[in-house]
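Open the model in your viewer and show it as a cartoon.

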Amino acid sequence: MRARVGLARAVLVVALAAGVAAIVSVAVDALAAQAYQTHGDIVGFGPNRSYVSIAHEAIPGYMGAMTMTFEPRRPAQLQGYEVGAHVAFTFTVSDDGHRWIDQIFPQVK
Ligand SMILES: [Cu+2]
């Protein structure tokens, strides 16, 4: 009987530790997804605006100025913009390398 209680306690401790480990793992994933902000000029769109190509300014901690593509989280984010528009935006780089636009705003040059 005493051994049973000990085993039950051990199982509980292991289950709690696994739960804590799962929570810590989720928190670390959230930290790993890096968010950045910059601005630039729209130079093109992918089919059905599945992505936008932006000539962006330097992004401190990430890269220098260049032209590259970003994907909208929602199609509506890219509505109303034309090639040549100047935009300010924030984006998150996911573990698999996708650059997701979090927020995008028109900017006056
Ligand atoms: Cu770039």
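Two strands count as paired here if DSSP finds at least two bridges between them. With that in mind, note that this is a predicted model.

Start by selecting residues 52–56, which form strand β2, together with residues 66–72, which form strand β3. These strands run antiparallel to each other and are joined by five bridges. Within the pair, pick Ala55 and look across to β3, where Thr67 stands opposite. Then select Ile54, whose bridge partner in β3 is Met68.

In general, the strands of a sheet pair through backbone hydrogen bonds, in either the parallel or the antiparallel sense.

Now select every strand. In what order do the five strands close into a barrel? The order is β1-β2-β3-β5-β4, and the pairing is mixed. Between neighbouring strands of this sheet the average turn is 55°, with direction ignored.

Finally, show the whole protein. There is one helix besides the five strands, and from the N terminus the elements follow the pattern α-β-β-β-β-β. Colour by burial next: 12% of the 109 residues count as buried, a label that requires 20 or more other C-beta atoms within 10 Å of the residue's own. For contacts between residues at least 6 apart in sequence, 44% join residues at least 24 apart.

Technical notes
Residues numbered from 1 in each chain as written. Predicted model: local features only at pLDDT ≥ 70, side-chain atom pairs only at ≥ 80, totals over all residues. Helix = DSSP H or I, 4+ residues; strand = E, 2+ residues; numbered from the N terminus. Contact = placed C-beta atoms within 7 Å. Axes fitted to C-alpha atoms, helices over the stretch in contact; angles between N-to-C directions.
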